[in-house]
Amino acid sequence: MNAWTSRPLAMDTVWGAEADAIQWLQRLGEWLSYPLLAVTELGSETVVIAVLALVFWSVHAGVGARLFVLVIASGVVNAFLKTLLYGSRPYWHSGLVVGYATEATFGLPSGHAQGSTVLYGYLGIRSGRRAWFWGAVGLIAVICFSRIYLGVHFFSDVVVGVLLGVAILWAFFRWERPVLRWWRSLALRTAALYALAASLVPCAVAALWALAVRGPWSAPQTDVIGRLPQDPVGDSLTGLFLVAGAFFGGAVGLTLLADRGWYSARGTLVQRAARFVLGISVVLVVQIVADLFLRELSGLAEAVPTYLLYAAIAFWATFAAPRMFLDGGLAQRPEPEPEGGPEPGADTGPGTGPEPGPDADPAPTGDDTGDGTPDRGEGGDPAPDRRL
């Protein structure tokens, strides 16, 4: 089936009107694109990976684990919708829109808008500080504006992305505790199978839709066609397989780490810095080597090994790296509080008390203290044996 016959003509009308608005906005001048190119990187995959790694390895393991699951799950939703909706980008749609940046995947919904809403919104809410929260809101707004001004997203892409991000944040805060309790009650093998299914189902549906139902993408019917991507269908599928693989590897890694006693992200400044530098160096080396082997591939031939690669990277980040930190003396296991709570007058601010285990709810103010006792199921029974 030709993609053009399945795309509503109304969308080209809407995108045409939005493209005109972006052309008007870009009259402010090319000079503004330079700072906005730096701003937009704050919502990029590279920065998101770095923030997730920094929080999990060097700030607070419990908050980092929650943030990882939240952000990667949001990424799966976003990439899945991109493969279904075939949303054009402004500089594809109209040659009169300047594309100050280039993107190979479809545009609807905006991944930068949704991802930054989830990432920085969660951190702002968890901080418990009004200034940090509104700072996060301001940062999200500037990132969204940068995507429009740079010509890589329509206004509608950004609005849908923000709304999805807010909805995912609400659902996470609403359902986090009951879902976590259910997940921790599963045997490790069962949990791994659930994570595998949750990651593969959207990939299978998207591949079937793109390759067997929707068909190849075709250029919009406009008077002045802009720069067109080479294979947006294949690149969007690869993007979905990437985040789905990361979700699977990360979910298994975090579950296994919890089963093996968890770890604490506390330590001296040198220890925290060493963990981040060592861990992220391995990630970068693996990505560089993999890119050399995958650069000539496209479509499913690229998507499948990408899934496996990012599953391995996420497993390294969430399990192998923390275990290496523990074995190398760069990290310690969480220590339970003294029975009855902290000593009267003890300093329980950030960076002072014992870090809670993976099931403890991190305090909104950033206080790392909490219950570090082993996880137990309903009724106080010990957690089930989770060995494979």
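1. The charged end of Arg 174 is placed over the ring of Trp 175, 4.2 Å from the ring centre. A charge counts as sitting over a ring if NZ of Lys or CZ of Arg is within 6 Å of the ring centre and within 35 degrees of the ring normal. Arg 214 lies over the face of Tyr 86 too, at 4.3 Å from the ring centre.

2. A quick word on the basis of these notes. This is a predicted model, in which local features need pLDDT of at least 70 and side-chain atom pairs count only at pLDDT 80 or more, while totals for chains, interfaces and linings use all residues. Residues are numbered from 1 along each chain as its sequence is written, and side-chain values use heavy atoms, with hydrogens and water left out.

3. Now the salt bridges: the structure holds four. The term means a side-chain nitrogen of Lys or Arg within 4 Å of a carboxyl oxygen of Asp or Glu. One of them joins the side chains of Arg 66 and Glu 176, at 2.4 Å from N to O. This pair links distant parts of the chain, with Arg 66 in helix H5 (residues 61-85) and Glu 176 in helix H9 (residues 155-184), 110 residues apart. Helices here are DSSP runs (H or I, at least four residues), and they are numbered from the N terminus, as are strands (E, at least two).

4. Which other residue meets Glu 176 in a salt bridge? The side chain of Arg 126 does, at 3.5 Å from N to O. Arg 126 lies in helix H7 (residues 111-127) and Glu 176 in helix H9, so this contact ties together parts that are 50 residues apart in sequence. Arg 66 is buried, as are Arg 126, at 11% relative accessibility, and Glu 176, with a relative accessible area of 11%. Buried means under 20% relative accessible area, exposed over 50%, and partly exposed in between (1.4 Å probe, protein chains only).

5. Asp 259 and Arg 260 form a salt bridge, their closest N and O atoms being 2.1 Å apart. Asp 259 is partly exposed at 23% relative accessibility, and Arg 260 is partly exposed at 36%.

6. On to the rings: a search of the whole structure finds 16 aromatic pairs. Rings of Phe, Tyr and Trp (its six-membered ring) pair if their centres lie within 6.5 Å; planes under 30 degrees apart count as stacked, over 60 as edge-to-face and the rest as tilted. Phe 248 and Tyr 307 have ring centres 6.5 Å apart and planes at 15°, so they are stacked. This pair links distant parts of the chain, as Phe 248 is in helix H11 (residues 232-259) and Tyr 307 in helix H13 (residues 300-327), 59 residues apart. Tyr 307 is buried at 7% relative accessibility.

7. Is the pair of Phe 315 and Phe 319 stacked or tilted? With centres 5.4 Å apart and planes at 40°, the pair is tilted. Phe 315 and Phe 319 are four residues apart in helix H13, so about one helical turn separates them. Phe 315 is partly exposed at 28% relative accessibility, whereas Phe 319 is buried at 13%. Elsewhere, ring pairs link Tyr 86, Tyr 91, Trp 92 and Phe 106 into a cluster.
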